[in-house]
Amino acid sequence: MSATRVLWVRFLGQIEAALPQRLVPFWKAPAGPQTIFFWAPAFKWGLVFAGIADLARPADKLSPSQSTALAATGLIWARYSLVIIPKNWLLFSVNIGLGLTGINQLCRIAYYSYSNPQLKEDKSE
């Protein structure tokens, strides 16, 4: 085992020793904080928060293609997160959030386009 790996294992052991007993099962879970199955979805929440922050943007400044991509990938990966082993509920929740955020933005864009028909006339001229 490399020296870096030995240090990492010791570091994780010290964290585990300091944890309250009730958190040890979460720590040792197949999709717990010791794995990429935990950290990748945790950081992916940044995309959801960015989508929520976009609720403050005017609908005419939103990108339909970006919102479609976020909604589609969110819903596709939500399904995938339930068929992989171990089932990753954190990945499922973040992807549902991403899909709902994308769908919400698409609804805002569609409502804006529908309620402003003069935009279509301006673009055709």
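Author: Start with Gly-102, which touches Ser-67 and Ala-71 when residues up to four places away in sequence are not counted. Contact means heavy atoms within 4.5 Å.

Reader: What kind of model is this, and how are residues numbered?
Author: This is a predicted model, where local features need pLDDT of at least 70, side-chain atom pairs count only at pLDDT 80 or more, and totals for chains, interfaces and linings use all residues. Residues are numbered from 1 along each chain as its sequence is written, and side-chain values use heavy atoms, with hydrogens and water left out.

Reader: ok, where is Gly-102 found?
Author: In helix α5, which covers residues 89-115. Helices here are DSSP runs of H or I with at least four residues, strands are runs of E with at least two, and both are numbered from the N terminus.

Reader: And is Gly-102 buried or exposed?
Author: Gly-102 counts as buried because its relative accessibility is 2%. Buried means under 20% relative accessible area, exposed over 50%, and partly exposed in between, with a 1.4 Å probe and protein chains only.

Reader: How many residues of the chain count as buried?
Author: 25% of the 125 residues.

Reader: Which residues make up the largest nonpolar core?
Author: Five residues: Val-48, Ile-84, Leu-91, Val-94 and Leu-98. Helix α5 gives the most to this core, with three residues. A nonpolar core is a set of buried Ala, Val, Leu, Ile, Met, Phe, Trp, Tyr and Cys residues joined through side-chain atoms within 4.5 Å.

Reader: What is Leu-91 in contact with?
Author: Pro-41, Ser-81 and Ile-84, leaving aside neighbours within four places in sequence.

Reader: How far is Gly-102 from Ile-84?
Author: They are 24 Å apart in space, C-alpha to C-alpha, and 18 residues apart in sequence.

Reader: Different topic. Where is the cis peptide bond?
Author: Between Ile-85 and Pro-86, with omega about 0 degrees. Pro-86 lies in the loop between α4, residues 64-83, and α5.

Reader: How many helices and strands are there overall?
Author: Six helices and zero strands.

Reader: And what does the chain span?
Author: The C-alpha trace spans about 70 × 30 × 25 Å along its principal axes. The radius of gyration is 21 Å, while a compact globule of 125 residues would have one near 14 Å. That radius is taken over C-alpha atoms, and the globule rule is 2.2 Å times the number of residues to the power 0.38.
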